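Have the structure open while you read.

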Amino acid sequence: MVTSGNLSAYQLPQDFVWGIASASYQVEGAVMDEGRGPSIWDLLVHRVPGWVADGTTGDVTDLFYYMYPQDIQRMAAFDIPYFYMSLSWSRIFPFGRGYVNEQGLAHYDDLFQKMVDAGIKPVVALYHWDTPLALMNDYNGWVSEDIVADFLAYAQLVMTRWDKYVPIWITVNEPQVYCGDGQGYAGYPEGYWDQQGITGERAVYYCGHNSLLAHGAVVDWYKNVLQGTGRITFKNSANNYIANTSSAADAAAVARGNDFQLGWFNSPVWTTGDYPTSLRDTLGDLLPNFTAAQSAMLLGSCDFFAIDGYTTDVIGALPEGVDVCQSNSSDPNWPTCVLQSQTLASGWDIGFDAGNANTASWLKAVPTGLRQLLNYLQTTYTGPKGKDIVLTEFGFAEPFEDNFTALPDRRFDQLRVDYFTGYLNNLLAARVEDGVNVTGAIAWGLYDNFEWQNGLGTQFGLQTVNYTTLERYPEASLFTFTDFFKQHGL
Ligand code: PNW
């Protein structure tokens, strides 16, 4: 797609939601302070050998738990209007439920007050992957429907207390990723917890199912009981999918891939109240059922579509064959049954990366892919409902430099500058030229942080951090990102 007009002249509306992102376990540190209980991540990083590629942990990371006053001041100095963050469930309920830690509540009271005083609006997620360890030990976390009641009780406490500060709530972050097979983000190392037979694909789809039910229960309570005035949704992770070749088989594979990625969580919420037929046909009784009341609760339960859209993948059909992609053939491609890569059959590499093993291997910069993804989402989900889309995460990992004598280079993060320039221009083109109702863009992330299984060695920050002194340094991309919105009317 080629822009038809003069991009630099396009304006964004005054209420455009733009900002920068973080998540509790990735930035807070202070993991044993002020009454916090452990989350699954504390156990994984300390007790499972090899869980984190470079052996680092979130014990200290950016120490946002104590350094938030200066972090907020710096965001204010850059005129950043929105900040995405998540609450640490186990700071508030150290055992996941029951006993409430008042120090945790007091901490977030002050954080929200300081943010609002600085003119920054919080976008708050209730869950960004740090499940209280007690709930994993008690009933295996998200694979058990027991989590729905505990998540609701937690949500009721925090939303009642902080709704006055929070214009946008996120129930759960990227269930595609924390439930997804082979990712390990939800913390299911095989054999570590007694999963009571709920393993493999069954665990994936139970985790997804309970995440949807938990989301739905919270939205239902928020709208009907609390009568909250904020907007509420859950956050999707999805890559733009393009076909490997122009064949009909590859086009069908793209559609199927999208069902398994986006349809899994969004068909129940935006279209039918149930999972896509392709999932039902493939998964059989591995896929739980919704009652009629649950479907009714889920349909329409998102005020807007939140998409974390970092990259594009090439999708192709599996080769034909009787045994291909049967659940009993131990085909590693089951159940999605498509081929996924980042190179087209023609040999073209679809985007640029940093060419460095320390960056996120799944991430190629494909700016036009964002425009395609936004168009796809509007056509498939939001358009018929007249609702809007917010790009709630996107960003890029630069090659890692751990020697701080290299600091001057780290501030000139040219690849990340190119990434944001390209992506933001395509978002603008989607909005102005294609008429996609995209109403926000939030960058990942506030600064370098604990990047899950890649540890501190994969760095997405628009500020870089010296992990010896904890000083934060704005990079060129922070200026690129914030200037973009000023240049387009904000
Ligand atoms: C997101 N993928 O995760 C998360 O919300 C953040 O916590 C994380 O730091 C950020 O992206 C950068 O990785 C993703 O494999 C993890 O496509 C993996 C993928 C996408 C998003």
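Predicted model: local features only at pLDDT ≥ 70, side-chain atom pairs only at ≥ 80, totals over all residues.

Cys302 is buried, with a relative accessible area of 2% (buried means under 20% relative accessible area, exposed over 50%, partly exposed in between, with a 1.4 Å probe and protein chains only).

Residues are numbered from 1 along each chain as its sequence is written, and side-chain values use heavy atoms, with hydrogens and water left out.

Searching the whole structure turns up two disulfides (pairs of cysteine sulfur atoms within 2.5 Å).

| Disulfide | S-S distance |
|---|---|
| Cys179 and Cys207 | 2.0 Å |
| Cys325 and Cys337 | 1.9 Å |

Take Cys179 and Cys207: the link is left-handed, with -70° about the S-S bond. It ties together distant parts of the chain, 28 residues apart, with Cys179 in the loop between α8 (175-178) and α9 (200-226) and Cys207 in helix α9. Helices (H or I, at least four residues) and strands (E, at least two) are DSSP runs, numbered from the N terminus. Cys179 and Cys207 are each buried.

For Cys325 and Cys337, the torsion about the S-S bond is about -90°, so this disulfide is left-handed. Cys325 and Cys337 lie in the loop between β8 (312-317) and β9 (338-341), twelve residues apart. Both are buried.

In sequence order, the bonded cysteines of the chain pair up 1-2, 3-4.
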